[in-house]
Amino acid sequence: MTYIPSADDLEVITREVWTSFLDGDPSGLIAASGDMPDDKITGCVYLSGAYTGSIMLQCSPPAARDAAAALYSIAPASVTQTEVVDALGEIANMVGGNVKSMLPGPSTLSLPSVVQGQLSVPGTRMVREVQLSWRAQPLFVSLWQQAS
Amino acid sequence: MRILIVDDSKAMRMIVARTLRMAGYDEHELIEAVDGLHALEVVAQEPPDVVLCDWNMPQMSGLELLTALRSAGWRIPFGFVTSEASPQMRAAALEAGAMFLVAKPFTPEDFQDVLDPVLA
């Protein structure tokens with residue numbers, strides 16, 4: 001039986017990335033369901049091999065801007081679109097790499113993709129999702145698997 | 001001592017540099033490369049004393065860079081800094097000639113553990 005990381009696993013990994021590099025306050029990231037805006041920012045890494053699917057991180061544009069500002073140690077107002085793409089891609093890569101370590105291998109992790117809006121990978125279905133809130137902005141992390 | 005940080009993410013290069021300073025390596029010269037190919041150029045021009053390298057990068061991966069360096073005769077201490085830290089990845093890194101693998105996210109202590117023996 002293949003172990004699929006749980007929603008709690010996704011939260012623990014995301015929390016570790018967040019507290020290490022983005023927000024030293026562990027209480028800053030809380031479990032909270034909410035609505036994700038249509039203009040959300042999506043960061044994604046793909047897995048292929050023993051496990052085929054993807055790990056997606058979605059957040060609102062303000063949360064993406066604040067995340068980039070935290071990673072770059074600059075003021076949110078001075079964050080550029082390039083820095084948002086770099087930051088969300090690296091965060092997706094860190095979360096995805098750690099999730100990959102819990103999945104059956106060997107698998108290959110792709111370079112990250114970052115888009116504004118919904119990213120759909122044909123033939124995959126969401127198997128896990130955790131809904132969080134950071135600075136009153138939604139942050140969703142999900143694990144997808146290729147349908148067998 | 002010169003420490004070469006190789007990562008395609010500018011944010012991550014900044015975080016590695018910041019963490020190295022927090023770990024007490026602020027007296028060392030920190031230089032950067034954006035991928036494996038760029039790192040090869042930097043090594044040829046200004047050989048570093050240690051390389052800290054991401055695994056997954058465009059153009060040339062960290063593993064390809066390590067293989068290219070060893071094939072060219074460079075014996076520079078080389079370590080991976082990567083989000084993938086499964087036992088299989090660690091084994092592959094060591095087999096290719098890496099001295100260590102630091103998992104992202106990391107702490108200053110993680111770098112001290114692997115760099116103190118190299119830079120002493």
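**A helix across the sheet**

Mentor: Start with helix H3 (residues 62-71) of chain B, which lies across S1, S3 and strand S4 (78-82) of chain B and runs at about 175 degrees to S4(B). The helix and strand names are DSSP runs numbered from the N terminus (helices: H or I, at least four residues; strands: E, at least two). The angle is taken between N-to-C directions, on a scale from 0 to 180 degrees, with axes fitted to C-alpha atoms, for helices over the stretch in contact. Contact means that the C-beta atoms of two residues, placed from the backbone, lie within 7 Å.

Before we go on, keep in mind that this is a predicted model: local features need pLDDT of at least 70 and side-chain atom pairs pLDDT 80 or more, while totals for chains, interfaces and linings use all residues. Residues are numbered from 1 along each chain as its sequence is written, and chains are lettered from A and ligands numbered from 1 in the order in which they are written.

Now look at what sits under that helix. Chain B has an open sheet of five strands, paired in parallel and ordered S2-S1-S3-S4-S5. At its edges are strand S2 (29-33) and strand S5 (100-103) of chain B, each of which pairs on one side only. From one strand to the next, the twist averages 20 degrees. Pairing here asks for at least two DSSP bridges between two strands. As a general point, strands of a sheet pair through backbone hydrogen bonds, either parallel or antiparallel.

Let's go through the strands that the helix crosses. Strand S1 (residues 2-6) and strand S3 (residues 50-53) of chain B are parallel partners over four bridges, and Ile3(B) has Val50(B) as its bridge partner in S3(B). On to the next pair: S3(B) and S4(B) are parallel too, over three bridges, with Gly79(B) in S4(B) as the bridge partner of Leu52(B).

Buried means 20 or more other C-beta atoms within 10 Å of a residue's own, exposed means 12 or fewer, and partly exposed is in between, with C-beta atoms placed from the backbone. Both faces of the strand are covered, with Phe78(B), Phe80(B) and Thr82(B) buried on one side and Gly79(B) and Val81(B) buried on the other.

Next, the way into the helix. The loop between S3 and H3 of chain B holds Gln59(B), which has a positive phi of about 70 degrees although it is not a glycine. Gln59(B) counts as partly exposed because it has 13 C-beta neighbours inside 10 Å. Pro105(B) lies in the loop between S5 and helix H5 (108-119) of chain B. For context, most residues other than glycine have a negative phi, and most peptide bonds are trans.

Step back to the whole chain. Chain B comes to five helices and five strands, and from the N terminus on they run β-α-β-α-β-α-β-α-β-α. Of its 120 residues, 43% are buried. Among contacts in chain B with a separation of 6 or more, 61% are between residues 24 or more positions apart. The C-alpha atoms fill a box of roughly 35 × 35 × 30 Å along the principal axes.

Finally, the neighbour. The contact between the chains takes 16 residues from chain B and 21 residues from chain A. On the chain B side, helix H1 (residues 10-22) gives the most, with five residues. The largest nonpolar core has 75 residues, and those that touch the most other members include Val6(B), Leu52(B) and Cys53(B) from chain B, along with Ile91(A) and Ala67(A) from chain A. A nonpolar core is a set of buried Ala, Val, Leu, Ile, Met, Phe, Trp, Tyr and Cys residues joined through C-beta atoms within 7 Å. Leu52(B), then, is both one of those core residues and the bridge partner of Gly79(B) in S4(B).
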